[in-house]
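The exercises below are to be worked through with the sequence and the 3D structure at hand. Each task is followed by a solution in steps.

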Amino acid sequence: MPFGSPSAPSVVWPQSFATVCQKVLPSELFCQIAADADAIAEAPNFWMPKAAILPGSRTVRTIGEQVIAQVYDHVLRSHLPCDWEGAEWWVQVYQPGKGLAFHFDKDEHMMAEQHVMVHPITSCILYLAGGSEDTRLGPTVIIDQQYDNEQGRAVPEHPARCALVYPLANQLCWFDGQLAHGVLDSPQDGLRVTMLINWWAARPQDTHRVTPADIVKVPPGDEPIMVDDLLESYGISVVGPNAVHVIAMEHQGYELYPMADENSLDGSYDRFKTAAAFVPAHMLASTGSDSEEGSEEFDPQPDQQAAEQLEVQD
Ligand SMILES: O=C(O)CCC(=O)C(=O)O
Ligand SMILES: [Fe+2]
């Protein structure tokens, strides 16, 4: 259902933004899909129809389909509405340190033919590689922005909330398929591989839902603040034995600003786990919205394109 129509479902903050569930696959199945990831990543997107997924009529043909059956049985079964038709899926292997521009998952055909954006009910990310004890790969960022077909643009223009989900091997993240999302570049060189499962409607064990109590708020102020520093001020670590994997963030008056690349931050890029800062909106406004240049007050060169434009592609 396109956002903007009267009966569009509302997205509940923060519950619909990200729920993560760890140790989703039995380890043998996890190793098999992780080993096949490179090969599958070369293939186009796959489709598994509902009848093949439902336990009563199940027919599983590949390891990927076995994963989908497992994800359905143990996680999504109780979260999908009745009227779903199947699951689209693919695998993504990232260049070291590279992320993915912000975008909406959508039906490409509907977009090309009818110029409307139709989203999956639920988008799922299964992390097939996840860094180590002391490194974190670029998080998936799910932002409080939807596409309004009537206005032909993403709204709100300046979202003030997002969820950061850090990769962890065998962790599944699912979120409302209408929401804009992307992957931050990372100062950490590690293999980032994900399997994406989009479902075109009871909480399982080991499930962590972002709750209002978990929301990290950017305090009012006039200075940019690195995501890492903000988390540290909350006593949150994304590495080590008490690492947190999903964080809901409220950033009223600030924009989330991805760092462009290793040239950012005067050579200290490698020190960071998360390549983004929250920057006061007025600092960004002073650069002009079409500018390719960074703000004078804020030295690191931001990835202007990723920060300001939502790519209408997947
Ligand atoms: O790999 C991720 O974390 C997200 C990938 C994604 O959103 C996509 O491929 O559409
Ligand atoms: Fe996506």
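**Exercise 1. What is the strand order of the open sheet of six strands, and which are its edge strands?**

Step 1. The order is E4-E11-E6-E9-E16-E14, and the pairing is mixed. Strands (E, at least two residues) and helices (H or I, at least four residues) are DSSP runs, numbered from the N terminus. Two strands pair if DSSP finds at least two bridges between them.

Step 2. E4 and strand E14 (216-217) each pair on one side only, as the edge strands.

Step 3. Inside the sheet, strand E6 (residues 140-143) and strand E9 (residues 161-165) run antiparallel and are joined by four bridges. Ile-143 has Cys-162 as its bridge partner in E9.

A note on the basis: this is a predicted model, in which local features need pLDDT of at least 70, side-chain atom pairs count only at pLDDT 80 or more, and totals for chains, interfaces and linings use all residues. Residues are numbered from 1 along each chain as its sequence is written, chains are lettered from A and ligands numbered from 1 in the order in which they are written, and side-chain values use heavy atoms, with hydrogens and water left out.

**Exercise 2. Describe the open sheet of three strands.**

Step 1. Its order is E15-E18-E17, with antiparallel pairing.

Step 2. The edge strands, each pairing on one side only, are strand E15 (225-226) and strand E17 (254-258).

Step 3. Two bridges pair E15 with strand E18 (residues 276-280) in the antiparallel sense. Opposite Ile-225 stands Phe-278 in E18.

**Exercise 3. Which residues coordinate the iron ion (ligand 2)?**

Step 1. The iron ion (ligand 2) is coordinated by His-103 (NE2), Asp-105 (OD) and His-181 (NE2), at 2.1 to 2.2 Å. Donors are N, O and S atoms within 2.8 Å of the metal (3.2 Å for Na, K and Ca); water is not among the atoms, so sites may look incomplete.

Step 2. Along the sequence, the spacing of these donor residues is H-x1-D-x75-H.

Step 3. Asp-105 lies in the loop between strand E4 (100-103) and helix H4 (108-114), while His-181 is in strand E11 (residues 180-183), so this pair ties together parts that are 76 residues apart in sequence.

Step 4. Both Asp-105 and His-181 are buried. Buried means under 20% relative accessible area, exposed over 50%, and partly exposed in between (1.4 Å probe, protein chains only).

**Exercise 4. How many aromatic pairs does a search of the whole structure find? Describe two of them.**

Step 1. The search finds six. Rings of Phe, Tyr and Trp (its six-membered ring) pair if their centres lie within 6.5 Å; planes under 30 degrees apart count as stacked, over 60 as edge-to-face and the rest as tilted.

Step 2. The ring centres of Tyr-72 and Trp-84 are 5.4 Å apart and the planes are at 40°, so this pair is tilted. Tyr-72 is in helix H3 (residues 63-76) and Trp-84 in the loop between H3 and strand E3 (86-93), twelve residues apart. Tyr-72 is buried at a relative accessible area of 7%, and Trp-84 is buried at 5%.

Step 3. Phe-104 and Tyr-147 form an edge-to-face pair, with 5.9 Å centre to centre and 70° between the planes. Phe-104 lies in the loop between E4 and H4 and Tyr-147 in strand E7 (residues 146-148), so the pair ties together parts 43 residues apart in sequence. Phe-104 is buried, with a relative accessible area of 1%; Tyr-147 is also buried, with 12%.

Step 4. Tyr-72, Trp-84 and Trp-199 are linked into a cluster by ring pairs.

**Exercise 5. Where are Lys-23 and Asn-170, and is each buried or exposed?**

Step 1. Most residues other than glycine have a negative phi, and most peptide bonds are trans.

Step 2. Lys-23 has a positive phi of about 50°. Lys-23 lies in the loop between E1 and helix H1 (27-41) and is exposed, with a relative accessible area of 69%.

Step 3. Asn-170 has a positive phi of about 70°. Asn-170 is in the loop between E9 and strand E10 (171-176) and counts as buried at 9% relative accessibility.
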